Structure formats: structure tokens, C-alpha cells
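This report describes selected features of a structure. Please have the sequence and the model at hand while reading.

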Amino acid sequence: MNTAITAVATSPVARAKEICAAGLPDAIRRHPGPAFGCFPVYSPFELYHAAGLLPLGLMGAGGTIDIVHADARFQSFVCSIAKTTLELGLQKRLTALEGVAFHSICDVARNLASVFRRNFPGLHVEYIHLAQNGAGDAAEDYLVSEYRRALAGLEERLKRRIGDEAIRASIRTYNRPRALMRRLYEIRAREPERVTASEAFTLVRAGTFMPPEDHAALLEGSLAEFATRRNKRMDRVRVVVEGAFCEQPPVGLIDVMEAAGCYVVDDDFCAGWRWFREDVIETGDPVRALARAYLSRSRCSSTRHDPDRPRHLELVERVKSTGAQAVVFMPAKFCEPALFDYVLFRRELEKAGVPHILIEFEEKMWTFERTRGEIETFVESLLFD
Amino acid sequence: MAEYQGVVHTKSREIMSAWYDRLAAAAKNGTPSACIMISGNCVEILRSFDIEPVFPEVNALQLAIRKQSLPLILKAEEMGYSSDNCAYVKADAGYTFGEGGPSDGKIPVPNFLVCNFVGCNVYIKWFEHSAAFLGVPLVMIDVPFLHPDGKPTEGDVRYVVAQLRKLIETCEKVTGKKFDIDRLREICALSARAGAGWARAKELCQNTPAPFDAYFDSINMMGPINVLRGTKDAADFFDAAVKEYEEMVAAKKGPLAQEKFRIVVEGPPPYPYYRQFRDLFAAWGAVAVQSTYSTVGGIWEWGFRHDPKRPLESIAELMLVNNLCNRSLLQRYEQIKRYVEEWKADALVIHSVKSCRLFSAGQGDMRDYFANQLGVPTLLVESDLEDPRYYAQAMMKNRIDAFFESLEHRKLLRRA
């Protein structure tokens, strides 16, 4: 698979860059079988994969598309990802998809599912309500029933049974790239000089545009390459980046952040594609395994209420465990979940004496000079305090 | 401009003030209280334990209508809230849960918070913040979003009922009282009476002229139905309201001297400029015969009633199925379509508010559906429900005048 791209690119990271630049329409074109678009943040990919569909990231279009129609559907105060995602559809770049899935992450995503349903009657539009309560609150049984409902809808659409064995196989398939992404992030936390933040981002983002087996191979190749690197550690500030879990920042912004003097030791870019802290259990009822993993083995997220792990406390813990010196809040413009969380995060970090800075972004932004200045000033205030 | 505001207005004020007095008393004497949201709420359960419900949304809208919201919003923005966050939350942060807690003694610090998460994701954030700032426990009632076929699955219902039982446990712990299902049944019977009255009042707006403005006057009834539901006061209030409106229908009276246009309004009102906004419609003789905002708490006009025989299950049904917020945008299109047809409306007015993306995100698509697909004259205007900075009277007047002028022209052409 992906032979055209393999032939021209030299290293795994370069290949990942090309795949990301080509974006979703190209990923749909490249894949010979049917594909399924997954809007952020987390989606139970295994269910679609087991149905013979390739889950692909339906995550906006950054600066690659001009908004011609979507502005008339969503107001000026709505985030860019909602508009560029809709624009992809209105410009007929998603017609080859079998369907798309949206989730209970925010009010905009929920309404976007409706707008998709009305405007693209040919697509199978799934809306999954992911549990917003703790594992002990009947949430697991509920989530199993919700996943089974989504499965039944897919079965009806595809006129095909999706058996538990197929779902277990898909869980095994996805556990591999997810474990490799965890390794990538371990390296970043331990030796950030080995992998730049934009390299890590690109490698993860590329996974949203390709089959999981290919993604695993790409990650393995990259990890092997990183192991041989002997880069010197620079005098930089170790930061955790938080807030870019849905709409993704342009790579240029991530580069600027590092160039301005940061090592990104942890972030929540493409959070849904590396949602689990451990493997999903590969035996037993696979749907229950996915539900349990969502509730108990998942990362904290601004799009999920978890009474057992308040996010603002978890962020402080993560700052400590990664040895970070500061936090860069990077919410997408108009992103309510991230902008709300900022208040509690800030309050908790100030209690713990952790410095922080707020940098709002938009996927379409293309000049970063102001941001560079802000981050440089922030970094200097920490290095020369 | 003066509209007819009869018994309903006075009585609503009376029983709502009595509730505010009870809150002030609770702030003083420590009667158990809990915060809860308006949409698809389960206030009956709190009431069965004599826990006084506090509704932060109602506090926020009162502040806006009294033109007190802006300094509180600015205070919240100093706390780190963004100009893009819901201003209801910001007003509440500034007033109630920001550092120091409620300061004027009018609202109690609640014993706990009940987040009835029905659609609005901001509800979750709002109560997470209240809980963190006030240091009180939060009970989350996660209500699965309604599916396109309008039917919750068995798993959805089981999940909600299980969480309601957990809420009951919390209420027992806080009050030291044992749960009494017969008491809940009595309360549900009172809720059913109020629901029936509210449904009948709205049905009366199918008459020409409509006896009240189903957008602007509805707030007099939204308090009793959403806040006081389950009390005798609320049930009696709706009996009186229906009586008054039936008399008005018989006498062919409406809120304005003359009803020239019948409109359906979608979206919450601009509370900081309620009066001014209303006047822009009254000037054209436009009366709202239905509104979606009046159904945020619940939709009774299609037959839903609390059921004393199945108290918990019927409470779960209100939360899952019968309120605007837990229904999809497309289900809202269908609701509006029914309103336009069955309430015989001339036009649809969409008031898009920045604060509430649940309401507003995608209203451009809604306009496309009604104007282009169904041929219903549709006006879309923008401001906010709480933040006065987003309301521009001159621009609003221009848009509304232009719309009704063209509507009048159309009517004339049709008659000719």
C-alpha cells in the first residue's frame, strides 16, 4: 500500500510529512477499499475497521481549502475545524467515504453531525454519545449498549455481520501502532533532543491517513532512526502542551515553539488516536473491552468528564511526572471545551507554582512571528529568572 | 409599547418571588439546597426530599434582564474565561462561584450540584467549575443524546435510571431522610398537571389572534414549569393561565392591539435588551405563536406528562426525549416545521446567540433549509443572551424592519 509515496520519500519522517500534506482527500483516493471518516476526538476505530472500513481522520483541512460555502452554515464564532470539515463535504471531496462518525465532545460537533446528515444523504452518519461519568456509574454497560447500537447500524448499512472475532482482531491490530506511539512519547519525555515536536506530531498525524499496519511500520522505522541519533541537548524549557486535542495546529506553529526555546515533552495533539494509556484487552467480549478501556485506560481530556480523575489535578501530576517546567496552553480559537478548562488548569498550576502561557491558534494560520515573540519572551523569563 | 400582561404576569411574579424568598431563607438558615440546570431537569427528585433547587441559569438571566451582567462577565474574564465562553457561565462565575462565593446573601451555597447533562456540553464545564470553586460535590447525570429515530435504547434508559438512583442516595445522605416513592408520585402528579396546563396554553396560540406571545410572554411560564414544577403553586398557576387565555381566545384578544404577522422564533432572547428587542417586533404587529426557546426545559405540547405510576422512568423520559436540548438540530428543524404548519405562521425568526452554541452552531444551515428548501420566509439576526456587548439596536432594527417590509409586500402581492 502507499507505493507511490514510498517510492519518492527517503525517510519515514519525510514520508509521514508527504502523507500529512496530501491530507484526507488523498488518503481516501489512495485506499483501495471503503473508508470511514472519524471526527475528533476519540472514536472506537476498531468497530469500523472490523466492518472492513478504514478509519481515517476527519479533522478539518487546515490551510488546504478555501471556505466557499461553509461560512453561510456556521457563524463567525464557530471553530475552523467545523467549517473546513463541512467545506470538504460541500466541495464533494468526501463522497467516496462510506460514512462518518461524530461524538459527544462539544455542542458544535454535535450540530455538525446533523448538518452532515441533511447535506450528505449518501453518507452513513453516526453520532456516538461517549459516557460522561465514572466507570462505577453504570457507564460501562451503557457504553457497551451504545457501541452495539452503532455496530447494528453499520451492519444494516453494509448488509454484513460484524463478529466479535473480527473486532478482537482489529483491537490487536490497533494496539500495535498505539503502543509504538506511546514509545515515541516516552522518548520525547526522556530525551526530547532525539525527536523534534513536529516530527512526533507528523508521525502521529500521518496515522490518521493510513491503515494501522502501515502506520505501525512507519513508526517502527522512525523509532529505529531516532535510536541512532546523537543530538546535543540544548538549553531549552521543557513544556507540556495542552488544548490542541481536536483542531490541529499547523506544523509551522509547533516548529516555532521549539525554535523559540521549548522542548515539548508531552502534548495532546491528535489525542483520540492515542487515547489509551495501556493496550485494550484482546480477549473476551471485545466491545466491553473497548468500553472499559475508554472509561479506565484512557487519557484525561477536556472533552470528557471523569469524576475519578479531575483533569486539572491530572495536568499538574503530568507536569511533575514528565519533569516539565511549564505549560503552554494551546486551544484552537473558539474551542469552548479547551477555553473553559483553561480557567481551572491555570488556577491549579498557579497553586503548584508552575508557569504557563496561553497561545490560541487556528488551523489555517500561516504567520507565526507574533507567537514566536510571545514564546521567546516567556522562555527567557524562565531561563533568566 | 404596551402589551397585554394580565393575571399570568402577576401570578408568575408572585410565585417566583416566593421561591427567591425561600432561597434567601436557605442561605440564612441552612435548609438543604442543590444547584440544577433548567433543561430536561429532574427537580421532582430534589423536591421529594425538600431540597430547595437553585437554578444558576435563572440567576444569570435575571442579572442580564436587570442590566447587571456586564461587570460580572468582566470579572470572570479576569479569572481567565475567554470572550468566546458562554456568558451565562461567566455571569454566574462573577456572581456566585468566583472567589469568595455568593456575597449578597440572596442565594445559598448549595450542599451539592446536580448536573443534568442533556445535550449542552457547557453544563458539564459550568458545574465542574462551580464544584471546584465552591468545594461542593457534583452528581453527574449523563443523559445519552437522542438518536435520529427519536427513541432511546433500553441501555440509554437503564443508564439514566441508574444515575437517578445514585442521585437519590446522595439526597438521602444530605438530608438524612429516607426516599419516599409515594411522595415522588404526588409530586409527579402535580408536574403532570402543570405540564398539561402549559401544553394547553401553547395550543391556544394556534388561534388567531394568539392569546399571548409564545416567545416573549413565555418566560412568565417557563419559570413555573421548569423551576417550580411539582409544586401545587405551579399546577394552580397553569390552571389560572389556561382560564385567562381561553377567555382571551373567546374574546378574540391578543397581546397586541392587532396581530398582523404570526412568527415562530428560534433561539434564546437577548435578555440585556429584552424590552427593546420585543418592541422591534411589536412595531410590526408581529406575534410569536410558537418558539423553540420555550421548550428548552421540556416539550409538553406533543403529549409528554410525568407519570405518577412510573415516576423515575417518566423523569428519565423527559431528560432523554422530551426537551429541546437533548434533541438533534434536525429534530429541531422538524419541531419548527410543525410549529410553522400547525400554528399557521408567516415566517421564522432565528435569533442566533454567541454564548449558546448548542442553539446557534449550524443555524445558517437551518436558514438554508427553511428559506430555500421549504420556502418559509426566514430572518437570521445575531446578538447574545447575556452579554450586552453583542447587541446593536440600530443594526437589529434595520434587519427586522427590512424583513417585515418585504413580508408585508409579499402579503399584499398575495392578496392582489
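## Chain A as a whole

The model is predicted. Chain A contains 14 helices and eight strands. Along the principal axes, its C-alpha atoms fill a box of roughly 65 × 50 × 45 Å. The radius of gyration of chain A is 20 Å, which agrees with the value near 21 Å that a compact globule of 385 residues would have.

Of the 385 residues in chain A, 55% are buried. Among contacts in chain A with a separation of 6 or more, 75% are between residues 24 or more positions apart.

## The contact between chains A and B

Chain B contributes 40 residues to the contact, and chain A contributes 40 residues. On the side of chain B that touches chain A, at least two residues each come from helix H6 (121-134), strand E4 (138-142), helix H7 (154-175), helix H13 (329-342), helix H14 (357-360) and helix H15 (363-374). H6(B) gives the most, with seven residues.

By class, the side of chain B that touches chain A has 17 nonpolar, 13 polar and ten charged residues.

## Helices H7 and H12 of chain B

Two packed helices are described by the angle between their axes and the distance between the axes. For H7(B) and helix H12 (residues 311-320) of chain B, the axes come within 9 Å and cross at roughly 115 degrees. H7(B) is therefore roughly perpendicular to H12(B). The crossing of H7(B) past H12(B) is right-handed. From H7(B), the contact uses B:Asp156, B:Val157, B:Val160, B:Val161 and B:Leu164. From H12(B), it uses B:Leu312, B:Glu313, B:Ile315, B:Ala316, B:Met319 and B:Leu320. Nine residues of the contact between H7(B) and H12(B) are nonpolar, none is polar and two are charged.

H12(B) is mostly covered, with nine of its ten residues buried. The buried residues of H12(B) are B:Pro311, B:Leu312, B:Ser314, B:Ile315, B:Ala316, B:Glu317, B:Leu318, B:Met319 and B:Leu320. Their cover includes helix H2 (43-48), strand E3 (112-117), H7 and H8 of chain B.

## Helices H8 and H9 of chain B

Helix H8 (residues 181-204) and helix H9 (residues 219-226) of chain B have axes that come within 10 Å and cross at roughly 160 degrees. This angle makes H8(B) roughly antiparallel to H9(B). Their crossing is left-handed.

In the contact, H8(B) provides B:Ala194, B:Trp198 and B:Ala201, which meet B:Met221, B:Pro224 and B:Ile225 of H9(B). The residues of the contact between H8(B) and H9(B) comprise six nonpolar, no polar and no charged.

## B:Ile350

B:Ile350 is part of strand E7 (residues 347-353) of chain B. Is B:Ile350 buried or exposed? B:Ile350 is buried, because 22 other C-beta atoms lie within 10 Å, and 20 or more count as buried.

Leaving aside residues up to four places away in sequence, B:Ile350 touches B:Glu266, B:Gly267, B:Gln363, B:Met366, B:Arg367, B:Thr378, B:Leu379 and B:Leu380. B:Asp104 is 246 residues from B:Ile350 in sequence, and the C-alpha atoms of B:Asp104 and B:Ile350 are 36 Å apart in space.

Definitions and conventions: Residues numbered from 1 in each chain as written. Chains lettered and ligands numbered in written order. Predicted model: local features only at pLDDT ≥ 70, side-chain atom pairs only at ≥ 80, totals over all residues. Axes fitted to C-alpha atoms, helices over the stretch in contact; angles between N-to-C directions. Helix = DSSP H or I, 4+ residues; strand = E, 2+ residues; numbered from the N terminus. Parallel < 35°, antiparallel > 145°, perpendicular 65-115°, else oblique. Left-handed = near helix turned anticlockwise from the far one by under 90°. Contact = placed C-beta atoms within 7 Å. Nonpolar A, V, L, I, M, F, W, Y, C, P; charged D, E, K, R; others polar. Rg over C-alpha atoms; globule rule 2.2 N^0.38 Å. Buried ≥ 20, exposed ≤ 12 C-beta atoms within 10 Å, placed from the backbone.
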